[in-house]
Amino acid sequence: MGKNNQYDEWQKAVKRATERFPERKTAFTTSSQLEVEQLYLPDDQDVMDEYEKKLGFPGTYPYTRGIQPTMYRSRYWTMRQYAGFGSAAETNKRFRYLLEQGQTGLSVAFDLPTQIGYDSDDMMAEGEVGKVGVAIDSLQDMEILFDQIPLDRVSTSMTINAPAAILLCMYIAVGEAQGVPLDKLTGTIQNDILKEYIARGTYIFPPKPSMRLITNIFEFCQQHTPKFNTISISGYHIREAGSTAVQEIAFTIANGMAYIDAALAAGLDIDAFAPRLAFFFNAHNNFFEEIAKFRAARRLWATIMKEHYKAKKPQSWKMRFHTQTGGSTLTAQQPDNNVVRVTMQALAAVLGGTQSLHTNSRDEALSLPTEESARIALRTQQIIAHESGVADTIDPLGGSYYIEALTDELEATAQDYLKRIKDMGGAVQAVEDGFMQREIHHQAYETQKQIEAEEEIIVGLNKFKLEEEVNPELLKVDEALEKSQIESLKRIRKERNQKEVDTILQTLRIQAKSEQENVIPTILKAVKAYATVGEICNVLRDEFGEYTGI
C-alpha cells in the first residue's frame, strides 16, 4: 500500500501515543516467530480509497477500527470486575482481593434499596438489604467501602442511576478525605435514567426532573472533576431485557442523543461535556455479530457527533465504552458451561475494541459469585490478554468480508430505528409512548418461543441436558446484615449534627423547586454532613414526584 495523507497522520498519532504509553513489547511475534504488524491494510490502492472512507485508521474518524491509534499494543483494556454484596466491609474485602489478583479497575454493584433511594431501615428495604449488591446508606458506608483503596490510582465505575448524584458526591467526599484533588478523580457513574424506564426499572423521579439532575451532574463535573465520566449510556440492560443487537445500538444511541439535547438546552457547550460521555454494551453469544455491533456503534456515533451536532473536538466524536458479558445468556443448568460462554463473549468484546471489560462468573444465574468464581472470571480476561495474541495487532478482523458486511448492515438498520425515534420526537417521547419497551418485549417473546421450540439451542437447557446435576457451592449473604446495617444507621443519626443536616436539606428543597439552580453542590454538603441516601432522595421525591410508568 502506498503512503498517503491519512496514513501519515495515523503514523504521527502513533508516535504521540507511544511517547506517552510505549508499546508493551519491542517486537510482536507469533509462536512461530512470525512478525505481527501494528495494523493490516488492503494492498490494492483502489480498495484503499473505499477503506479510508468507511473504516479509516485507528484513533481517527470514523473510529471503525478503534478509538486509540495503537489500541492494545500499548495498554490492555481495563479489567473491571463488577462486585458488591452485603456490607461495605465485605465488599471492600472483595475489592482488595480482586486488585491483588490483577484487576485494574473497580466496579460497584449496589443493593436494590440503594438503587431506588431507600435507607436500609425503610420498610421498602425489608428483606433486600445487601442482597444484590452492597448496602450504602451514608458517607460512612462509602468510607468503609474504599478503605485502603487509593482513589488517585484506581478508577471506579458505579452502577447507580436515579440516586447517581448522591453516590457521586459520596465518592468525591471520600477522595477529598484521602487528599485526592477533584481533578485527579477518575471513574464513571452510570447515571442513565432513560434505559431504566425502558428496561431495568430502578427509577425514582419522572423523566423531566431526572434529566435535570443529569445535566446538573454534567455541569458540575465539567467544572470540578474533568476526568470523571459523567454518564455511561447503557445498552447492556436493553439487551438483557431481550432486545436484538440492532435495537441495542439504536436505542442506546437515541438515549445518548437525548442527553446531549438536554445538556445543550441547559446551555452547556457540546465540546465541554461530550468527551466525558461513556457507553456500556453487552456481549452476547453470536460471536461475529457482536464484534460488528461494536464497530458499527462506534462509527455511527462518530458520524452523529461530527455531522449532526457539529462537535469540533475529535474527543467529542469518540465512543468510549465498557462491556459486560451477557448475564441473560447464563444458565443455572450445568453452570460450568457458562465459563465457555463468557470466554467467547469476552473475546468478541476485545476484538470489537472495548475500553474496559467485566466477565461474568459461572454461578451468577444462581447467586452472587463466590470468590473462586470471581477469580476464574478475572483469569478469563487475563488469559485472553496475555496468552491468545489477539491484542498484538489492531482490529485483527478488520477487512474481513463477513465482519465488514455485518458492520454495514447493523449500522444501516440501526439508522432506520433512529429515524423512527426522531420522527416520534426523540428518545424521551419514545420512552413515554412505550415504543422501545414494546419493541423489546416483542423481541423477547419471539426469542423465548424459539427456545421452547428448540429452534434456538441453549446447551444444557433445551438440549444436551443432564438427568442429575451437582449443586455448586453458592455465596449466601448473612441475614444478620440487615439488622447490623440498621443499627449503624441509628448511630450515624445520633452522632451527626442534626441541625446542620436539616438546614442543608431545607436548602436542597428550595433549590429543587427552582429549575435554574444546580443542586449538586448542596447534595455534596448534605453527604458530608452524613445525610443519608434515603433522606436526600425523600426531599427530591417531595419536590419532583415519583414516576409510576406508562
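Asn191 counts as buried, at 2% relative accessibility, where buried means under 20% relative accessible area, exposed over 50% and partly exposed in between (1.4 Å probe, protein chains only). This is a predicted model, in which local features need pLDDT of at least 70, side-chain atom pairs count only at pLDDT 80 or more, and totals for chains, interfaces and linings use all residues. Residues are numbered from 1 along each chain as its sequence is written, and side-chain values use heavy atoms, with hydrogens and water left out.

Let's stay with the backbone for a moment. Most residues other than glycine have a negative phi, and most peptide bonds are trans. Asn191, however, has a positive phi near 55°, and Met71, which is not a glycine either, has a positive phi of about 45°. Here are the two side by side:

The names in the table follow DSSP runs numbered from the N terminus: helices (H or I) have at least four residues and strands (E) at least two.

The loop between H2 and E1 has another feature to look for. Pro62 lies in this loop, and the peptide bond from Tyr61 to Pro62 is cis, with omega near 5°. Arg75 also sits in the loop between helix H2 (45–54) and strand E1 (78–83).

Now to helix H7. Why is H7 largely enclosed by the rest of the structure? Six of the eight residues of this helix (residues 193–200) are buried, so the rest of the structure largely encloses it. Ile193, Leu194, Lys195, Glu196, Tyr197 and Ile198 are the buried ones. Their cover includes helix H8 (207–224), strand E6 (231–234) and helix H10 (245–265), with contact meaning heavy atoms within 4.5 Å.

Finally, the surface. Patches are made of residues with over 30% relative accessible area and no salt bridge, joining like charges within 9 Å and nonpolar side chains (Val, Leu, Ile, Met, Phe, Trp, Tyr) within 5 Å. A salt bridge is a side-chain nitrogen of Lys or Arg within 4 Å of a carboxyl oxygen of Asp or Glu. Arg20, Arg75, Lys184 and Lys227 gather in a patch of positive charge. Ile457, Val459 and Phe464 form a nonpolar patch with about 280 Å² of accessible area together, by the Shrake-Rupley method with a 1.4 Å probe. Val459 is partly exposed, at 36% relative accessibility, and lies in the loop between H18 and helix H19 (480–495).

How values were computed: Lys, Arg positive; Asp, Glu negative; His and termini not counted. Charge placed at Lys NZ, Arg CZ, Asp CG, Glu CD.
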